[in-house]
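Biologist: I would like to learn how to read a model like this one. Please take me through some features one by one.

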Amino acid sequence: MSKILLNFISGIKGGGVEQYLQNNTPAIKRAGITSYVVYQHTPDAQSLDALEHSGCICIRIPEKKSHPLKNVIESIKIIKALHPDIVECHEDLANVFPLIASRIAGSKIRIAHIHSNGSDFKAPRIIIKYMKKAICLLSTDYIACSINAGRYIFANRKFEVIPNGIEVGRFKFSIAERNLLRKKYNLEGNLLMGSIGRLTLVKNHLRMFEILKEAKLINEHVKLVIIGNGELERTLKEQISTMGLEDDVLFLGFLRNVHYFYSMIDILLIPSFYEGGPITSIEAQASGLPVLMSTTVNQDLKILPTTKTESLNLPAAEWCKIALHLCQMKNNRSYANVVMKRTEYNLDNSIPKLISYYLDLLKRG
């Protein structure tokens with residue numbers, strides 16, 4: 001008889017948590033575990049389709065921000081109806097809500113899974129402190145995508161680190177795809193900086209625009225390609241208009257076959273204010289793509305010599321110099337894929353650890 005894993009996530013918008021579930025669900029299903037996903041907000045249609053295609057059964061509930069009580073009540077109803085063997089919450093600080101629901105509903109295995117080492121939740125420090133404590137008290141088990149992400153919520157408590165694995169081979173550099181896409185978007189002959197992810201405040205797109213503006217002073221044939229969608233799209237387009245960069249920034253939206261686009265660009269920028277373990281940084285390195293990240297991102301993700309981290313206190317002009325230097329480094333992009341296959345971020349290596357973890361929990365009951 002199939003076991004049930006019930007995942008609670010904030011929304012389906014093409015973010016890292018959805019990608020994590022999409023990557024892992026097929027193998028979880030093969031292990032005899034059926035995955036449900038409970039989400040809020042109007043979903044991104046393509047991202048929802050991708051999740052369902054991977055094997056997830058998705059259920060929408062009221063938003064906690066507008067209807068906190070309804071959110072918890074509906075969560076309780078779903079848990080009681082499905083009787084999940086495991087409830088896993090992927091909402092970081094907001095895990096408090098589904099954990100309260102699963103505790104009330106009587107779930108024996110309640111996992112708090114942390115994907116970030118920070119939050120943009122606006123509240124006094126004392127409130128955040130007690131939210132973290134409540135998460136730890138309401139959970140029976142702790143998972144994080146990295147040590148930094150885990151310590152952000154769990155502090156010195158023991159937790160399991162499950163890396164955000166990817167299908168490494170899928171991201172192997174392709175000169176054919178590079179040439180095809182550059183021709184399609186009329187970008188031949190340009191140095192392309194890239195950003196892949198949600199258009200949200202945490203991604204710090206303004207710093208990317210500043211880096212681009214500095215780069216244009218050195219090389220007029222530099223452009224920025226942004227892949228993803230989100231609530232800040234209009235604001236970001238207004239910013240580039242103000243900065244006179246309308247012709248140098250391309251918004252390509254959410255793309256299903258994003259793995260091809262890593263071959264197209266020359267460097268990935270991740271100047272985020274915080275992130276636990278961005279999957280894009282792993283995907284980029286699997287494509288042999290240079291990556292420049294902020295030091296607020298998990299440092300364990302620096303695997304290849306063409307991946308660097310710098311402080312956001314450094315001016316944009318310095319970030320620009322480092323980015324251009326990384327683009328000029330000697331780099332065998334195809335061999336990078338071989339290196340990444342040996343790491344814990346290869347799905348073939350991370351999935352057995354995750355499945356084993358679930359099976360041990362199920363034995364415990």
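Biologist: Where is the place of asparagine 24?

Modeller: Asparagine 24 sits in helix H1. Helices (H or I, at least four residues) and strands (E, at least two) are DSSP runs, numbered from the N terminus. Some ground rules first. This is a predicted model, where local features need pLDDT of at least 70, side-chain atom pairs count only at pLDDT 80 or more, and totals for chains, interfaces and linings use all residues. Residues are numbered from 1 along each chain as its sequence is written, and side-chain values use heavy atoms, with hydrogens and water left out.

Biologist: Is asparagine 24 buried or exposed?

Modeller: Buried means under 20% relative accessible area, exposed over 50%, and partly exposed in between (1.4 Å probe, protein chains only). Asparagine 24 has 3% relative accessibility, so it counts as buried.

Biologist: Now helix pairs. How are two packed helices described?

Modeller: By the angle between their axes and the distance between the axes. Axes are lines fitted to C-alpha atoms, for helices over the stretch in contact, and angles run from 0 to 180 degrees between N-to-C directions. Take H1 (residues 16–30) and H2 (residues 45–54): their axes come within 8 Å and cross at roughly 20 degrees. That makes H1 roughly parallel to H2. Angles under 35 degrees count as roughly parallel, over 145 as roughly antiparallel, 65 to 115 as roughly perpendicular and the rest as oblique.

Biologist: Is the crossing of H1 and H2 left-handed or right-handed?

Modeller: A crossing is left-handed if the near helix is turned anticlockwise from the far one by less than a right angle, and right-handed if clockwise. For H1 and H2 it is left-handed.

Biologist: Which residues of H1 and H2 meet?

Modeller: From H1 come Glu18, Leu21, Gln22, Thr25 and Pro26; from H2 come Ser47, Ala50, Leu51 and Ser54. The residues of this contact divide into four nonpolar, four polar and one charged. Ala, Val, Leu, Ile, Met, Phe, Trp, Tyr, Cys and Pro count as nonpolar, Asp, Glu, Lys and Arg as charged, and the others, Gly among them, as polar.

Biologist: At what angle do H3 and H4 pack?

Modeller: About 45 degrees, with the axes of H3 (residues 68–82) and H4 8 Å apart. That makes H3 oblique to H4. H3 passes H4 in a right-handed crossing. Pro68, Asn71, Val72, Ser75, Ile76, Ile79 and Lys80 in H3 meet Phe97, Ile100, Ala101, Ser102, Ile104 and Ala105 in H4.

Biologist: Where is valine 202 found?

Modeller: In the loop between strand E8 (191–196) and H8. Valine 202 counts as buried, at 14% relative accessibility. Valine 202 and aspartate 120 are 82 residues apart in sequence, and 7.5 Å apart in space, C-alpha to C-alpha.

Biologist: Which residue other than glycine has a positive phi near 55 degrees?

Modeller: Asparagine 186 is one of them. It lies in the loop between helix H7 (175–184) and E8, and counts as exposed at 63% relative accessibility. Aspartate 92 also has a positive phi, of about 55 degrees. Aspartate 92 is in the loop between strand E4 (86–89) and helix H4 (96–105), and counts as buried at 16% relative accessibility.

Notes:
Contact = heavy atoms within 4.5 Å.
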